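Please read the questions below alongside the sequence and the coordinates, and check each answer against the atoms.

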Amino acid sequence: MDKKTLHLTVITLVICVGVIVFYVNYQSFWQPQKYLVTIAVSKTPLSTPFYVAKAIDAFDGTCVNVKFDEVIGGQKAFAKVMDGEADFGTSSDSVIAFQSLANKDFVTHGMFVQSDNDVKLITRPSVQITSALKLKGKRIGVTKGTASEYFLSILLALEGLTTEDVQLFHFKPDELVHSFSDNKIDAFVPWEPFAFNSTKLLDKQIKIHDTKSLNTLSFNLVSLIADKELVEKAKCVIEGLTLAIDYIASHPEKAKRIVINELKLSTEFIEWVWPDYIFKLSLNQALILSIKSQAIWAVQTKMTEHNDIPNIENFIDSRAMLQVDPGAVNIPL
Amino acid sequence: MMNGSLSQRIYFFTLSCCVLFATILGSVIWSSQTVELAFARDSYAQQVDNQTNSLKQLVISDNIYSSSYSVSHWQSLQKKLTRLLKSSPKLTPSQQTVQNSIKSQNENLKRLFAQITKNKLKNASAAIKVHLKARLMMQLEAIRSDSLQLSSIAHTDIHNTIRHEAFFIISVSGVSIVALLFGSFTLMHIVRKSLDEVKLAFQQNHSGHFQKIHLSHPSEEFDSIVKAFNGMNDKLSETTVSLAVMKKVVEERTQVLEQLSNTDPLTKVANRRALFERASMEFSRAIRSKNKLTLLLLDCDFFKRINDEFGHLFGDELLIHICNICGQEIRDIDFLARYGGEEFIIILPNCDIKGGIETANRIQHSLACHCIAMKDKEICVTLSIGVCMLSEQHKDLEQLINDTDKAMYQAKENGRNRIEVLTPPNFH
């Protein structure tokens with residue numbers, strides 16, 4: 001090899017190394033300032049995308065440093081957002097429906113998971129509830145202002161009943177099973193993982209009714225009405241969630257393992273709920289319709305003191321989602 | 001590679017071009033297939049969308065709670081949708097997530113519709129009927145939204161594939177062009193440089209500087225030319241050296257030959273041929289420059305008798321002896337030659353009669369002093385010498401020699417061992 005070739009080789013090598021170094025550090029070169037955001041995450045496997053995102057460091061490449069504030073139930077998460085204790089929260093569409101009736105100053109940035117079997121009706125086998133009709137006059141435990149209450153009203157309505165035809169008891173989600181075992185109630189409508197916990201706790205003493213598809217529950221990213229900065233933060237959170245959801249699709253077993261470790265759940269439980277879940281980021285007309293129908297239902301069944309159905313589109317903010325995945329946004333503008 | 005042959009370089013070059021072309025072709029085929037697949041996915045998404053819209057239309061236009069409502073129409077459409085969902089093309093992971101969602105939504109749709117049409121909800125209130133119909137619509141809307149998302153992903157894929165392909169083709173072509181330019185320029189440079197070096201060597205050869213070619217860019221092809229050239233050059237330089245030597249040798253030989261042809265083999269003095277050559281030269285010169293020129297003609301007295309008495313060998317020796325004596329007694333510019341038999345002529349340029357007589361005297365005296373020994377016996381010989389100087393009467397050399405000859409005969413006739421001068425009135 002002569003001197004010229006040596007020089008050429010060295011120059012080429014240096015350029016290659018430079019390009020690689022630049023490419024590897026590209027993101028840090030252009031990294032805008034990092035925001036610290038707190039997300040109130042409901043402690044349920046429905047929040048899997050958040051746990052996975054954290055575990056695979058999906059937020060590292062985005063503009064946010066994420067801190068989780070784990071809470072029980074989407075309602076609590078929503079409250080944290082409204083109180084300003086958290087920047088974002090994970091709430092079900094039922095919670096959004098109830099809160100929109102109260103005209104709270106919040107917006108939904110996107111839906112990240114759906115389950116068509118999250119809320120369940122649990123009764124005593126001995127009472128022999130074969131149809132919703134037989135719930136008439138029974139003591140039923142629900143969590144007020146959540147999917148639990150909404151779901152019960154639907155079940156009753158199918159047989160022409162209302163919540164006034166039963167004795168309604170309001171409990172926090174983790175208290176339902178104890179009230180049931182203490183015989184304070186005849187039936188209760190919990191969501192996961194409380195339904196599963198009940199089977200573990202009471203085993204043969206309970207009967208879980210097949211209500212799959214009757215209610216679709218979705219979990220959504222909510223925040224206060226967003227200014228430009230908050231939209232930017234939401235965009236970054238959604239970017240992290242996109243990576244996490246792709247990871248869940250491509251590595252379901254690893255994703256399950258992450259949730260099991262984070263929530264101290266049993267493998268059995270995850271296997272129990274997983275088939276009902278659809279992890280997917282979207283912000284579409286179906287969500288609006290779902291929220292709207294639940295809001296209308298809540299008004300009609302007098303679950304709420306509000307009577308006016310607000311314009312649900314006002315509670316949707318598609319700006320962040322449009323920046324990350326415009327194809328996932330399908331709402332009339 | 002740098003020291004390889006040019007043809008190797010060209011092969012490598014051609015091969016690289018082929019590889020690059022194949023890469024581009026492969027990527028075009030790959031991307032066209034990807035785009036085709038993406039189009040198939042898009043078309044599938046459109047079909048799902050259309051099918052869902054038909055179902056939506058059905059929910060809007062028909063009263064599903066009416067007692068006369070027939071579920072068969074819905075069911076056939078629903079079956080079509082289910083079949084369509086099963087016949088999906090191969091999907092990307094992100095599309096598969098959406099597809100799973102659609103399938104799940106479709107199951108929900110089936111269950112919900114079954115729930116609604118079961119007993120036509122005879123106990124239910126109008127509110128729940130409206131609510132459930134809304135949920136049915138929502139379910140359909142969810143499928144539609146998902147199919148739109150599928151389509152959107154397909155569009156993004158098509159867009160990205162085309163963009164990546166364009167970028168790939170542009171970058172590969174760019175690199176190829178740079179590589180091709182670099183390669184061809186290098187090749188051209190090497191060929192031109194090597195040709196120049198060979199040309200220069202030829203020119204130098206022409207001007208007699210036999211130098212070896214040293215290629216600054218060695219290559220097999222030029223190396224073979226250089227080897228042949230250098231080999232030829234070596235031989236040429238060898239041959240050319242012998243030519244110079246040969247010239248010298250020939251000159252030497254020529255000189256020797258000339259000397260031989262001009263020399264009398266016995267006495268080693270000039271022969272008759274050389275005599276006439278030199279004599280005519282001196283004659284012309286003397287005429288031209290009006291200088292004096294004198295000739296001596298010497299003849300050994302009684303040579304025949306000595307020959308008979310002592311033999312030819314002694315006679316020969318005697319002749320050599322006479323020549324030696326004469327050689328010693330004449331000037332450098334004088335010329336001694338054997339005229340024939342025992343006769344010799346001495347040309348004396350720039351010399352008058354007096355000088356000629358003096359020279360003749362010196363020779364006779366020296367010969368008298370140096371007798372030749374023969375079997376303990378000293379044998380002395382004498383010379384009859386004729387002297388003649390060039391005069392205006394002499395028109396040519398012959399006349400001068402004849403006159404000198406006459407003088408010598410006079411010396412013989414007047415008793416030998418003497419010197420006779422031919423003066424003008426006695427000239428021919």
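The questions that follow go through the model by topic.

Q: What kind of model is this, and which pLDDT do side-chain atom pairs need in order to count?
A: Residues are numbered from 1 along each chain as its sequence is written, while chains are lettered from A and ligands numbered from 1 in the order in which they are written. Side-chain values use heavy atoms, with hydrogens and water left out, and, as this is a predicted model, totals for chains, interfaces and linings use all residues, local features need pLDDT of at least 70, and side-chain atom pairs count only at pLDDT 80 or more.

Q: What percentage of the residues in chain A is buried?
A: Chain A holds 13 helices and 12 strands, where helices (H or I, at least four residues) and strands (E, at least two) are DSSP runs numbered from the N terminus. Of its contacts (heavy atoms within 4.5 Å) with a separation of 6 or more, 80% are between residues 24 or more positions apart. Counting as buried those residues under 20% relative accessible area (exposed being over 50% and partly exposed in between, with a 1.4 Å probe and protein chains only), the buried share of the 333 residues in chain A is 57%.

Q: Why do the buried residues of helix α4 of chain A lie on the same side of the helix, and what arc do they cover?
A: The buried residues of α4(A), which spans residues 74–82, are A:G74, A:A77, A:F78, A:K80 and A:V81. They share a side of α4(A) because the arc that they cover around the axis is only 160°, the arc being that of the directions from the helix axis to the C-beta atoms. An α-helix has 3.6 residues a turn, so residues three or four places apart point the same way. The arc asked for is therefore 160°.

Q: Which elements of chain A do the buried residues of α4(A) pack against?
A: The partners of these buried residues include one helix, α5 (93–101). The strands among the partners are β1 (35–42), β2 (64–71), β3 (88–92), β4 (106–115) and β10 (217–224).

Q: Which residue of β8(A) is the bridge partner of A:G141?
A: Strand β6 of chain A (residues 139–142) is joined by four bridges to the parallel strand β7 (residues 167–170), where A:G141 stands opposite A:F169; two strands pair if DSSP finds at least two bridges between them. With helix α6 (residues 147–158), these strands make a right-handed β-α-β unit, a crossover being right-handed if, with the strands pointing away from the viewer, the path from the first strand over the helix to the second runs clockwise. β6(A) also pairs in the parallel sense over two bridges with strand β8 (residues 187–188), and in β8(A) the partner of A:G141 is A:F188.

Q: What is the handedness of the β-α-β unit made by β6(B), α10 and β7(B)?
A: Six of the seven residues of strand β6 of chain B (residues 383–389) are buried, so this strand is largely enclosed by the rest of the structure. Seven bridges join β6(B) to the antiparallel strand β1 (residues 293–300) of chain B, with B:C300 opposite B:L383. Three bridges join β6(B) to the parallel strand β7 (residues 419–421), with B:V387 opposite B:V421. The unit that β6(B) and β7(B) make with helix α10 (residues 397–413) is left-handed.

Q: What area is buried between chain A and chain B?
A: The two chains meet through 37 residues of chain A and 33 residues of chain B. Buried area is the accessible area (1.4 Å probe) that two parts lose on being put together, summed over both. Carbon and sulfur atoms give 56% of an area of about 2800 Å².

Q: Which residue of chain B meets A:K280 in a salt bridge?
A: A salt bridge is a side-chain nitrogen of Lys or Arg within 4 Å of a carboxyl oxygen of Asp or Glu, and two of them are counted between chain A and chain B. At 2.6 Å from N to O, the side chain of A:K280 meets that of B:D146.

Q: How many residues apart in sequence are the parts that A:E268 and A:K200 tie together?
A: The side chains of A:E268 and A:K200 meet in a salt bridge at 2.9 Å, N to O. Because A:E268 lies in helix α11 (residues 267–273) and A:K200 in helix α8 (residues 194–202) of chain A, the pair ties together parts whose separation in sequence is 68 residues.
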